[in-house]
Amino acid sequence: PVIRREDYAPPAYWIDTVDLSFDLDPTKTRVLNRMRVRRNAEQPPQPLRLDGDELNLARVLVNGQGTSFKMDGDQLVLDGLPDEFDLEIFTTCNPEKNTKLMGLYLSQDTFFTQCEAEGFRRITYFLDRPDVMASFSVTLRADRKRFPVLLSNGNLVEQGVLEDGRHFAKWVDPHRKPCYLFAIVAGCLAAREQRIVTESGSEHLLQIYVRPGDLDKTEHAMQSLMHSVAWDEARFGLKLDLERFMVVATSDFNMGAMENKGLNIFNTKYVLASPATATDVDFDGIESVIGHEYFHNWTGNRVTCRDWFQLSLKEGLTVFRDQEFSMDLARTASARAVKRIEDVRVLRTVQFPEDAGPMAHPVRPDQYAEINNFYTVTVYEKGAEVVRMYQTLLGREGFAKGLALYFERHDGQAVTCDDFAQAMSDANPGSTLALHLDQFKRWYSQAGTPRVTAVGQYDAEGQRYTLTLSQTCPATPGQAEKQPFVIPVIAGLVAPGQGDLAVSLHGGEPATAHTLVLTEPSQQFVFERVTAEPVPSLLRGFSAPVVLNQDLSDAELLALLAQDSDPFNAWEAGQRLLMRQLLAAVTGAGDLAAPLQADAVAALRSTLRRSDLDAAFKALVLTLPTESYLAEQLADVDPQRVHAVREAARRQLARDLAADWAWAFDEHEDNGSYRPDPVSSGRRSLAGLALGMLVELARETGDSVWPGKAYQRTKDAGNMTDRYAATAALVNAGHALAQPALTRFHDLFADDALVIDKWFALQAAAPDRGGDALGRVEALLRHPDFNARNPNRARSLIFSFTGNPAAFHRTDGAGYTFWREQLLAIDAFNPQVAARLARALDRWKKLAEPYRSAAHGELQKVAAHPSLSKDVREIVEKALAA
Ligand code: ARG
Ligand code: ZN
């Protein structure tokens with residue numbers, strides 16, 4: 001059954017208050033739910049239909065009296081109700097058997113909940129939709145020894161001891177909320193606590209709850225939380241509205257984290273970190289996700305979504321906010337650019353393929369079978385790019401004004417993406433956005449990545465440069481024709497040897513950068529006072545989520561790489577150059593010894609040697625485009641060929657820059673104490689890249705010095721970033737020292753689940769050498785530490801394998817068979833995780849033979865499976881229909 005956005009109707013009833021009491025028991029938890037319900041006078045009279053899922057219903061009372069009811073599928077239907085009444089529902093559920101990790105479940109003998117999007121109905125019967133907002137009070141009762149900590153949203157108002165070794169706690173949430181923000185936690189946990197006084201003088205208690213042995217790994221999360229509170233108040237005037245703000249970590253979690261009001265629940269991956277166990281990437285991930293969930297307190301919780309089609313209203317906006325937070329914390333311009341490049345890389349390698357494949361959907365989808373399938377990179381990351389375009393069009397101040405108006409109008413409400421757009425526009429009358437608002441909103445309704453083509457012409461005599469920009473957008477499923485978008489293109493003109501020219505646009509004030517706003521299918525922009533023939537630097541900072549087609553020569557790209565004042569575009573020019581040469585090697589017949597041309601290699605060398613650039617930025621310039629991004633550029637993909645070319649280019653870089661890599665390693669190796677700041681993490685990143693290259697090169701030369709150094713590091717590295725990089729260098733090169741390094745790694749961290757996840761992931765993602773990867777993964781599947789029921793572990797092995805193109809795409813199709821078997825096994829207990837795995841074959845139609853037929857065959861087998869979840873069914877049916 002497909003749910004459509006156009007079918008939205010307000011609820012027939014409101015639930016004003018909810019009083020829940022839980023008798024927590026692992027196999028039979030009893031839930032008493034007492035609600036105050038009121039008919040919505042604006043809707044025609046109709047029965048009350050409450051959602052439920054896998055509940056045992058024991059009793060229903062209306063105004064204290066037994067009543068008749070019927071079941072319609074999973075819904076509890078009550079008819080003949082008064083206009084206002086008390087409704088009491090008593091149910092039980094079995095948390096221990098809850099393997100879907102939605103609703104109330106157990107993880108390491110602790111109770112957790114996950115309600116977004118539709119998990120609350122697995123706890124009690126309710127109007128499980130975000131536009132029904134209620135005041136919640138919650139009483140928890142449980143065994144005192146086994147479950148000493150009892151948490152829910154809001155404030156703790158009462159607690160005490162009960163007989164039979166039990167105790168209780170009562171929580172009242174002062175804020176009305178939709179049920180998807182409800183949460184409880186009960187178990188044996190310890191908290192890092194921090195009292196803070198904010199800029200505006202209010203006092204709050206911040207708590208991070210983890211298993212007692214993990215307390216020493218919560219410092220970074222607490223720091224990130226304190227920074228988040230301060231940042232939201234400083235940048236947007238958004239204050240913490242709770243006395244107590246809690247974060248709890250669990251090692252069994254389907255996603256990254258969840259913004260339950262006042263009680264965020266996190267995957268341990270985004271909380272726990274110590275220099276010895278977490279990499280720089282992990283530290284950054286914690287900062288972003290702690291920020292993300294905290295920022296939801298306003299964008300998501302104070303103002304929430306009317307229905308799930310509006311998901312990007314809170315997710316796109318909150319991703320944008322967490323990206324800005326990390327950029328502001330990064331402080332230097334170069335570190336900001338590095339963050340931007342990383343975000344754009346995710347967009348291009350994951351969202352662009354989604355937007356071009358069978359699951360393509362608008363930022364605000366029009367229909368779904370299973371909403372969990374729409375927590376996508378399109379809704380999140382492309383949604384964030386759409387929010388960023390408001391800021392680009394309105395400026396930082398105009399954007400802040402728009403956000404203020406949004407809260408002034410909608411605080412406490414459940415609203416739509418249209419409401420957000422309207423607030424942005426109304427706060428900035430006369431702006432380009434206001435002028436083109438309806439057209440701008442096509443970003444919400446049209447799927448697909450727009451293509452912008454740029455053609456320039458220089459008139460030396462008139463010192464005039466005419467730039468023609470035109471746009472198209474490919475068809476996507478269900479959307480054959482597209483209307484033009486509003487596309488902000490930040491542009492500068494770079495004169496080789498002189499840098500940015502200050503030029504005037506259409507007779508305006510001279511400036512080195514202009515925001516061109518493309519609204520027509522094709523438009524001309526005329527720059528004057530252009531004193532030298534320029535190279536256009538377009539889409540600076542990636543000012544719109546589009547593909548830019550621009551015919552630049554190698555020399556022009558090299559000029560931008562060396563001289564563009566916009567670091568994003570300098571990086572971009574280097575990537576374009578590399579990509580062009582890699583693609584030529586993939587499609588050409590030529591020999592693979594040296595896919596890269598000498599001038600490109602020389603440019604990379606001089607970038608590496610420049611003293612005015614940050615190491616983090618250099619590492620990004622010197623990293624080749626990923627195999628999946630390369631594959632996206634091709635019509636008929638042979639993943640083995642793409643892999644062979646990229647590996648050949650890596651070996652070429654290793655060889656041609658051998659002395660430079662050795663210099664880079666020695667120069668950037670740190671011996672000081674570990675700090676996860678952008679400068680020192682950039683140094684580690686570049687040193688790690690260099691070491692990988694040097695160990696790779698040793699495969700050819702037989703050199704044992706660099707592998708020896710790497711091996712030494714796997715023993716004595718002072719932090720996980722260096723240890724991981726050294727281990728990966730050996731594993732990726734297939735070096736004989738890889739095995740002893742892996743064994744040591746496992747022995748050292750056998751008790752640390754997050755590090756063991758890395759151990760699995762490293763092996764599953766290592767290059768395939770003569771088809772050995774699948775066997776390696778199958779052996780790891782039988783390792784005593786493997787457990788598919790733990791989502792992090794399943795992802796670390798199985799998803800890492802399907803994300804390793806040359807290992808997964810085998811000419812014999814065995815990778816796809818493995819995929820089907822794992823997918824069906826996981827689907828039987830956790831459909832949400834299985835549906836993510838199902839996405840691995842999204843792009844099967846792009847594959848060349850024999851991959852394509854083999855993939856098709858396995859997809860058909862999955863679709864024919866008799867007991868498929870609706871989650872997986874939606875994905876594979878779309879893939880097959882494409
Ligand atoms: N709202 C959460 C976040 O992005 C994600 C929750 C997704 N959960 C789910 N079951 N789909 O911060
Ligand atoms: Zn979110």
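How many of the 21 residues of α11 are buried? In this predicted model, where local features need pLDDT of at least 70, side-chain atom pairs count only at pLDDT 80 or more and totals for chains, interfaces and linings use all residues, the count is 16 of the 21, so α11 is largely enclosed by the rest of the structure. A residue is taken as buried if 20 or more other C-beta atoms lie within 10 Å of its own, as exposed if 12 or fewer do, and as partly exposed in between, with C-beta atoms placed from the backbone. Residues are numbered from 1 along each chain as its sequence is written, while chains are lettered from A and ligands numbered from 1 in the order in which they are written.

Helices (H or I, at least four residues) and strands (E, at least two) are DSSP runs, numbered from the N terminus. Helix α11, covering residues 567-587, reaches 30 Å from its first C-alpha to its last, close to the 30 Å expected at 1.5 Å a residue, the expected span being 1.5 Å times one less than the number of residues. Helix α3, at residues 311-330, has 20 residues and reaches 28 Å between its first and last C-alpha, close to the expected 28 Å. Just after α3, R331 takes a positive phi of about 70°.

An open sheet of 5 strands has the order β30-β32-β27-β26-β34, with mixed pairing; two strands pair if DSSP finds at least two bridges between them. Because β30 (504-505) and β34 (547-550) stand at the edges with a single partner strand each, one side of each is left without a neighbour in the sheet. Within the sheet, β27 (residues 464-472) and β32 (residues 522-528) run antiparallel and are joined by 6 bridges, and L467 has F525 in β32 as its bridge partner.

The loop between β34 and α10 (554-563) contains S553, which is exposed, with 9 other C-beta atoms within 10 Å. The C-alpha atom of S553 is separated by 65 Å from that of D16, 537 residues apart along the chain.

Ligand 1 is surrounded by residues that include E116, N254, H292, E293, E315 and Y375, a residue being near a molecule if its C-beta atom, placed from the backbone, lies within 6 Å of it. The elements that give two or more residues to this shell are β21 (257-258) and α2 (280-295).
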